[in-house]
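Open the model in your viewer and keep the selection tool at hand. The tour goes from one selection to the next and says what is found at each stop.

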Amino acid sequence: MTRPTLPHAHPTAIISAEANLPADVKIGPFAVLEGPITLGPGCVIGPHAHLIGPLTLGANNEIGSSAVIGGAPQHLGYKGEITSVEIGDGNVFREHVTVHRGMPIGAGPGTGVTRIGNRNFFMAASHVAHDCVVGNDVIFANAALIGGHVTVGDRAFISGNSAVHQFCRVGRLAFLSGASASSKDIPPFWVMQDVNYVRGLNLVGMKRAGMPPAERMAVRKAYRTIYMTRPALPLSVALMRIEAELGAFPAIQELVEFIRTSKRGICGAHRLVGTGDDDESVAA
């Protein structure tokens, strides 16, 4: 570890000789950059932040005070192997956010890397575990947590004090309500609440994402086919009906494919709370 010589690095920061940093990076007091780290231009590292390589961040990322990016996976099978975190551009990691690197390849389902895309917003104390894949424009509210190997689609919203079980998937524009938990896959556009309760559809999020009205209506019809048909249809039959009647819409193709490829399953109709008409969820 060496003292920084960068023009915008505080003199109390500690920066590894292995770090590859652009001249315009800003590094706050008592920040620690440990090991092989590559930062893109325009990055800002807050006071007391701890970055641990191998770690790659793209351009214009903001790391808040006391955030830890690239920490070891919280897994009993981890034995100190070299794994990494890869992060895209324009992300914000607020105070005390933690992102852990992957488990090594060959250690069970380890991928060796945790990946985060672009323009995501991680509010204070949120957590991304080992081997996760987070897409683009996702919001993690305060203390939102995802376990190992979770995949989060673009523009999803994980609300405050909520959690997603390891190996689950969160679909594009899905919404997990505050103080909730999911041990099932959350399909695209679905709103989940409490523990594995179906609440409705993220109609606000779909509208803000530019989904045409006809396509939003098709998603509502698909939701009703799965949860509101009486007598209830087996899921495989409901999906065939949805595909036959609404399959021309890309959002329906995405939804059907997500459900069919689910390994953890989705919540059944017996967990239904909403009707699909809810218009109250908010996704950026």
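Start with helix 2 (residues 213–227) and helix 3 (residues 235–246): the crossing of helix 2 and helix 3 is right-handed, a term used when the near helix is turned clockwise from the far one by less than a right angle, anticlockwise being left-handed. Helices here are DSSP runs of H or I with at least four residues, strands are runs of E with at least two, and both are numbered from the N terminus. This is a predicted model, in which local features need pLDDT of at least 70 and side-chain atom pairs count only at pLDDT 80 or more, while totals for chains, interfaces and linings use all residues. Residues are numbered from 1 along each chain as its sequence is written, and side-chain values use heavy atoms, with hydrogens and water left out.

Stay with this pair. The axes of helix 2 and helix 3 come within 9 Å and cross at roughly 155°; axes are lines fitted to C-alpha atoms, for helices over the stretch in contact, and angles run from 0 to 180 degrees between N-to-C directions. Helix 2 and helix 3 are therefore roughly antiparallel, the word for angles over 145 degrees.

Now select Ala218, Lys221, Ala222, Thr225 and Ile226 in helix 2, which meet Leu235, Ala238, Leu239, Arg241, Ile242 and Leu246 in helix 3. Contact means heavy atoms within 4.5 Å. The residues of this contact divide into eight nonpolar, one polar and two charged. Ala, Val, Leu, Ile, Met, Phe, Trp, Tyr, Cys and Pro count as nonpolar, Asp, Glu, Lys and Arg as charged, and the others, Gly among them, as polar.

Glu215, Ala218, Val219, Ala222 and Ile226 of helix 2 make the contact with Pro250, Ala251, Ile252, Leu255 and Ile259 of helix 4. Nine of these residues are nonpolar, none polar and one charged.

Still in helix 2, pick arginine 224. Is arginine 224 buried, partly exposed or exposed? At 29% relative accessibility, arginine 224 counts as partly exposed; buried means under 20% relative accessible area, exposed over 50%, and partly exposed in between (1.4 Å probe, protein chains only).

Last, go to histidine 130, in the loop between strand 15 (127–128) and strand 16 (133–134). Histidine 130 is buried, with a relative accessible area of 5%. Among the residues that histidine 130 touches are Pro73, His75, His100 and His149.

Key
Angles under 35 degrees count as roughly parallel, over 145 as roughly antiparallel, 65 to 115 as roughly perpendicular and the rest as oblique. Lists of a residue's contacts leave out its neighbours within four places in sequence.
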